[in-house]
Amino acid sequence: MSNAAHHHDQDDLRLLRKSVRTLLERAGGAARARKIRDKDGAWDSPVMLELAKAGVFGAVVPEEAGGLGMGLSAAGIIAEEVGRVIAPEPVVASVGLAIGLLRRLCPEHALLAETLAGTTVLATAWQERDVKGLSNTLSCRFENSALTGTKSWVAGVTAASAILVVAEADGGPALALIEPCGKGVSIDKRRQSDGSIMAELHLSEAPAELLAKGPVVNAALAAAVSDTTALTAAELVGVSAKALEITLDYTKTREQFDKPIGSFQVIQHRAVDMHIMQQLAEASVRDALGLMDAAEAPRLRARQASRAKARACTTARKITREAIQLHGAIGYTDELDIGLYLNRALVLSAWLGDDVYHRRLWLRARNAEEAAR
Amino acid sequence: MIDYNEMSDADFRRKVRQFFETEYPEKLRHLSHRPKFAEIEDWHRKLHAKGWVAPAWPSEYGGMGLNAAKLLIFYEEQQRWGVVRGRDMGVQMVGPLIIRFGTDAQKAHWLPRILSCEDIWCQGYSEPGAGSDLANLRTNAVIDGEEFVINGQKIWTTMAHDSTHIFMLARTDPKAPTKQQGISFILVPMDQPGVKVRTIATLAGETEFCEVFFDDARTPCENLVGELNKGWTMAKSLLGFERVFIGAPNLAQNALGQLESYARGAGRFDDPAFCERFAEVALDVEDHAALYARFADQLKRGEPLGPDVSMLKIWVTETFQKITELMIEAAGPDGGTLGPLQVGNAAVDVLAAFYKARPTTIYGGSNEIQRNILSKAVLRLPG
């Protein structure tokens with residue numbers, strides 16, 4: 001890329017970051033996350049609409065389809081900002097999964113435009129559970145225009161207007177749409193450490209609209225999951241960035257033995273290690289998103305997504321745990337915001353796989369690439 | 001005179017690569033020890049004839065005059081092909097200092113001799129009581145007529161036993177108000193009765209390091225570079241470009257390659273516990289490269305590097321050590337065996353890699369010192 005083009009892109013990204021940050025700060029910052037946690041674990045509909053107006057949901061969608069056409073790098077910037085204020089809106093799930101599936105499978109459907117406008121919020125139910133945990137096969141079926149089966153780990157369901165469901169139809173994969181309050185739909189809400197809801201969806205002949213079927217569904221799902229994994233990594237980068245800032249400020253002001261605790265070398269060196277991990281995670285996740293923007297091959301994109309999530313999880317774990325320790329006893333209380341960051345990191349790490357899981361995937365992808373060469 | 005900066009990056013890279021691949025002697029590739037000059041003399045002659053001894057020096061002084069972007073490419077290709085750094089203290093350290101602070105006479109005298117390796121330089125900074133706390137140095141230089149008379153001791157002087165000259169920091173004003181003041185930068189010929197060199201055997205069984213003793217050693221006053229008592233700030237000003245190289249990914253990348261060939265040969269990838277740890281260090285290396293690229297881009301845009309560049313050194317050296325620990329672990333009962341271990345088609349010298357990794361967290365400002373720098377200059381922590 002030429003220097004001028006590089007600067008142009010960097011300027012656009014900077015402006016995007018600034019506008020999303022301002023919007024989320026004005027909406028109430030991290031304090032809003034606490035308020036909603038103590039209410040119902042949903043989100044603010046007006047904020048969803050404002051985010052939509054700022055173009056957030058269309059970051060990756062091409063301009064001719066009503067988006068910003070700025071790619072995953074831009075969506076990553078947005079995700080970082082969401083992470084910084086632990087915003088409760090399901091931004092990454094919408095951009096990565098729901099919009100990721102719709103724009104690839106049925107770009108003409110009115111749902112896409114509504115979701116981009118923020119008037120419709122879609123949850124996506126694609127995973128299933130078996131006795132060991134995450135299942136590798138689909139047992140939920142689409143038959144006679146209805147869905148039957150159980151879906152697990154459905155994020156962003158609390159105030160969703162509709163739910164996208166990946167199911168099996170005529171021996172192949174399919175994408176169908178259901179109403180959350182429709183007949184035959186029962187939602188088992190599981191409260192997460194950050195107050196949000198991860199749902200189990202029990203479907204018994206629930207009327208559904210078929211949106212797409214066949215191998216294209218699997219391809220679109222794989223691509224959408226890679227995107228969402230990498231964007232969750234970016235959200236975690238935002239979470240740890242802010243947790244680190246809060247902690248550094250605290251060590252500069254909290255005094256013991258008549259000195260700020262940040263003047264003790266043992267604290268300083270631990271703070272530096274957190275800082276290095278944070279810088280490394282930022283560079284790595286942004287690099288991965290850039291590479292994903294430039295690549296088509298699913299295996300390559302999946303490998304970069306795993307690389308990003310692995311680094312972001314390791315970093316967020318280290319930083320949010322150290323943050324509590326460096327705050328001392330007050331860090332273990334619910335009075336300060338720092339605990340909200342720990343709790344969000346727990347949820348985002350577990351969702352779509354933690355660092356150990358993704359390092360395994362990454363190595364498998366790397367070895368497959370080496371073997372193919 | 002070719003202006004390399006006018007070439008496209010790709011063309012320049014091709015040119016450099018081709019030269020190394022056709023001209024560099026196979027037996028000197030990826031040397032695990034620091035060679036004496038005699039061992040690499042033929043290669044140095046070729047490089048000198050080509051005018052490529054000093055990539056960073058301005059062309060008016062016989063350098064290649066490369067800008068930051070081209071310089072990075074040059075070094076990347078050098079590392080990729082396993083080209084020895086050579087006896088480059090003159091080119092890397094003294095030369096730039098003379099170019100920046102020296103007199104015309106000093107430039108005319110010393111620079112050509114550095115390029116031709118007629119003079120081979122070593123660096124006299126550290127002392128027994130001045131390691132991380134370098135400003136605590138005590139070796140003193142007293143003016144006696146037209147000469148400095150030097151007394152004291154330097155240590156960890158790399159390759160002093162194969163050098164003709166030493167550039168050193170010496171105390172010239174013991175009464176200066178702070179210990180950083182009152183230090184001067186002087187050039188001293190080593191072939192004189194007042195200079196004695198003793199090699200130090202390292203844990204790796206090598207003798208790259210030396211002690212240098214000064215007992216009424218002499219050097220003409222005209223060998224002072226820059227102003228008297230201003231050596232500290234001058235020496236520090238040199239550390240610009242160097243700081244990104246000390247954090248470059250190559251050492252860890254090479255070690256990872258060795259670990260991988262060993263592990264493949266020994267079937268270690270069948271062990272899920274090994275796989276997990278391998279993936280961890282491999283990603284530590286890959287992600288470091290992304291951070292390194294950020295600083296490299298900064299240099300390419302012509303922006304100066306800030307103190308945050310210390311991060312690179314900390315991360316890459318500690319990763320390097322983690323990799324070599326994993327190599328020892330993978331070697332199992334062979335983990336204590338010196339020399340190359342044969343596995344499958346590969347031979348990997350596990351302990352050589354391990355020993356090579358140890359001093360990296362100590363030299364160039366120990367990682368603890370780097371953390372102090374980051375804590376104060378970047379995180380702005382108090383005290």
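Biologist: How far apart do the C-alpha centres of domain 1 and domain 3 of chain B lie?
Modeller: First, the ground rules: this is a predicted model, where local features need pLDDT of at least 70, side-chain atom pairs count only at pLDDT 80 or more, and totals for chains, interfaces and linings use all residues. Residues are numbered from 1 along each chain as its sequence is written, with chains lettered from A and ligands numbered from 1 in the order in which they are written. Chain B has domain 1 (4-86), domain 2 (121-229) and domain 3 (238-378), with bounds from an automatic or database domain assignment. Between the C-alpha centres of domain 1 and domain 3 of chain B the distance is 23 Å.

Biologist: On the side of domain 1 of chain B that touches domain 3 of chain B, how many residues are nonpolar?
Modeller: Seven residues of domain 1 of chain B are in contact with 10 of domain 3 of chain B; contact puts C-beta atoms, placed from the backbone, within 7 Å. Nonpolar covers Ala, Val, Leu, Ile, Met, Phe, Trp, Tyr, Cys and Pro; charged covers Asp, Glu, Lys and Arg; the others, Gly among them, are polar. On that side of domain 1 of chain B, no residues are charged, two are polar, and the nonpolar ones number five.

Biologist: Is Ala297(A) buried or exposed?
Modeller: Ala297(A) sits in the loop between helix 8 (265-294) and helix 9 (298-327) of chain A. Helices here are DSSP runs (H or I, at least four residues), and strands are too (E, at least two), numbered from the N terminus. Count other C-beta atoms, placed from the backbone, within 10 Å: 20 or more is buried, 12 or fewer exposed, in between partly exposed. Ala297(A) has 9 such neighbours, so Ala297(A) is exposed.

Biologist: How many residues of strand 5 of chain B are buried?
Modeller: Strand 5 of chain B spans residues 183-189 and is mostly covered. Of its seven residues, the buried ones number six.

Biologist: Which residue is the bridge partner of Phe167(B) in strand 5 of chain B?
Modeller: Strands pair if DSSP finds at least two bridges between them. Strand 4 (residues 165-171) and strand 5 of chain B pair in the antiparallel sense over seven bridges. The partner of Phe167(B) in strand 5 of chain B is Leu187(B).

Biologist: Which residue in strand 8 of chain B stands opposite Phe185(B)?
Modeller: Strand 5 of chain B also pairs with strand 8 (residues 224-225) of chain B, in the antiparallel sense over two bridges. Opposite Phe185(B) stands Val225(B).

Definitions and conventions: Two residues are in contact if their C-beta atoms, placed from the backbone, lie within 7 Å.
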